[in-house]
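I opened this entry to keep track of what I looked up, and in what order. The structure goes in first.

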Amino acid sequence: MRLEVWGTLAYRVRRGESTTMTETPYIRPDMKAFLDMMAAASGPKLADMTLAEARQSYIVMHGIADRPARALPVIRDLACPGPNGDIPLRFYDARETRDGPTPVVVFYHGGGFVIGDLDTHHALCTEIAALIDLPLVAVHYARAPEAPFPAAILDCEAATRWVASSPADLGRTASGIITIGDSAGGNATVVVGQMLAADPAAVPVLLQVPLFPLVADANGSASMAAFSEGFLLTADTMGFFDAAYAADRADPRGFPILSDHSAAPPTIVVTASLDPIRDSGRAYANALVDAGRDVVFLEMRGVTHSFTNLRQMVPSTQTDLERVIAAMKFMLANPA
């Protein structure tokens, strides 16, 4: 087993270690400025919006908060077969062509399985593809409440298997898969890793990178108590997503902490110190350590949930994303 601890703040990950907040948490100055701006903005809370309003609000917020998308030589929309019809995909590559097999990144967007789409995470995907210099395929799974649990997970699995098979439509030969996703997409990252460990795809998962993921039930956690209001993602919003997605709390496809971790691929777990679901990610990192798996744990100090999509309004988070990419390159260059 190899345990690497990277990032702006290192934590010991031990089962049962207390995470109770005993003092005012550190907030980066640029993060605080953004939170103050959000607090001063008028308008309804996400949980009080209609579904259409919530989805549009998410698009608008990312358009304001994130850096502009990079121009890449290859950006094109694709689709692959899914269990309930075609799954929309978007393919990115910083190179026009590739010689020979290459790892392919598969990205699952956040948004509580309810409000995200290919456009909300477009800028982030261009940045990841450019920084990691590998082909990237973003997956737009079926969203709740129209398609509740486990529809999104089944789409993510199907799309990942399709990419792994090196289809002609992709124009790339996959030597392996790197799965990555934020928030709900982080949940999908872990679940797909478990599903492909049990029933392998055409090529292996070389690395999984859940970003501030919901892996365990966050209700009742110390981080939920400390950051349930005023830190971008709120307890009310989590309740809104939870009711729409309706995941079975006894099913590992909904809460993958419940599964066996002995076959987990090499993993980079990324959390944010001001995130109400922070302790879920910590618990998963701890479970991987206990299972003897290779894991890098990064906790970005002084930032909130969704920091990867705030890189325009919170400029320091660009460096956080670059640290994640550096850890990815390290793990890929140093396989177990």
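My notes run from the whole chain down to single residues.

**Ground rules**

I am working on a predicted model, where local features need pLDDT of at least 70, side-chain atom pairs count only at pLDDT 80 or more, and totals for chains, interfaces and linings use all residues. Residues are numbered from 1 along each chain as its sequence is written, and side-chain values use heavy atoms, with hydrogens and water left out.

**Whole chain**

I began with secondary structure. The protein has nine helices and nine strands. I take helices (H or I, at least four residues) and strands (E, at least two) as DSSP runs, numbered from the N terminus.

Next came burial. I call a residue buried under 20% relative accessible area, exposed over 50% and partly exposed in between (1.4 Å probe, protein chains only). Of the 336 residues, 55% are buried. The accessible surface, by the Shrake-Rupley method with a 1.4 Å probe, is about 13000 Å². Carbon and sulfur atoms own 54% of that surface.

I looked at contacts too, meaning heavy atoms within 4.5 Å. Among those between residues at least 6 apart in sequence, 81% join residues at least 24 apart.

I then counted charges. Lys and Arg count as positive, Asp and Glu as negative; His and the chain ends are not counted. I placed each charge at NZ of Lys, CZ of Arg, CG of Asp or CD of Glu. There are 26 positive and 37 negative side chains, and the centres of the two sets lie 5 Å apart.

Which peptide bonds did I find to be cis? Ala-144 to Pro-145 is one, with omega near 5°. Phe-149 to Pro-150 is another, with omega about 5°. Pro-145 sits in the loop between strand 5 (136–139) and helix 4 (151–164). Pro-150 lies in that loop as well.

I searched for positive phi at non-glycine positions. Ser-166 has phi of about 55°. I found Ser-166 in the loop between helix 4 and strand 6 (174–182), partly exposed at 25%. Leu-232 has phi of about 75°. Leu-232 belongs to the loop between helix 6 (222–227) and helix 7 (235–245). Its relative accessible area is 22%, again partly exposed.

**Helix 3**

Helix 3 covers residues 122–132, and nine of its 11 residues are buried. Among them are Cys-125, Glu-127 and Ile-132. The buried residues pack against strands 2, 3, 4, 5 and 6 and against helix 9 (316–333). Asp-133 follows helix 3, with a positive phi near 55°.

**Helix 8 and what follows**

Is helix 8 enclosed or open? 11 of the 13 residues are buried, so helix 8 is largely enclosed by the rest of the structure. The buried set includes Arg-278, Asp-279, Arg-282 and Tyr-284.

Just after helix 8, Gly-292 has a positive phi of about 75°.

**Two residues**

Is His-261 buried or exposed? His-261 is buried, at 8% relative accessible area. The residue lies in the loop between helix 7 and strand 8 (267–272). Leaving aside neighbours within four places in sequence, I list its contacts as Gln-194, Pro-256, Tyr-284, Ala-287, Leu-288, Ala-291 and Arg-293.

Ile-59 was my last stop. Ile-59 lies in helix 2 (residues 51–65) and is partly exposed, at 33%. Beyond neighbours within four places, Ile-59 is in contact with Asp-117 and Thr-120. Ile-257 is 198 residues away in sequence and 30 Å away in space, C-alpha to C-alpha.
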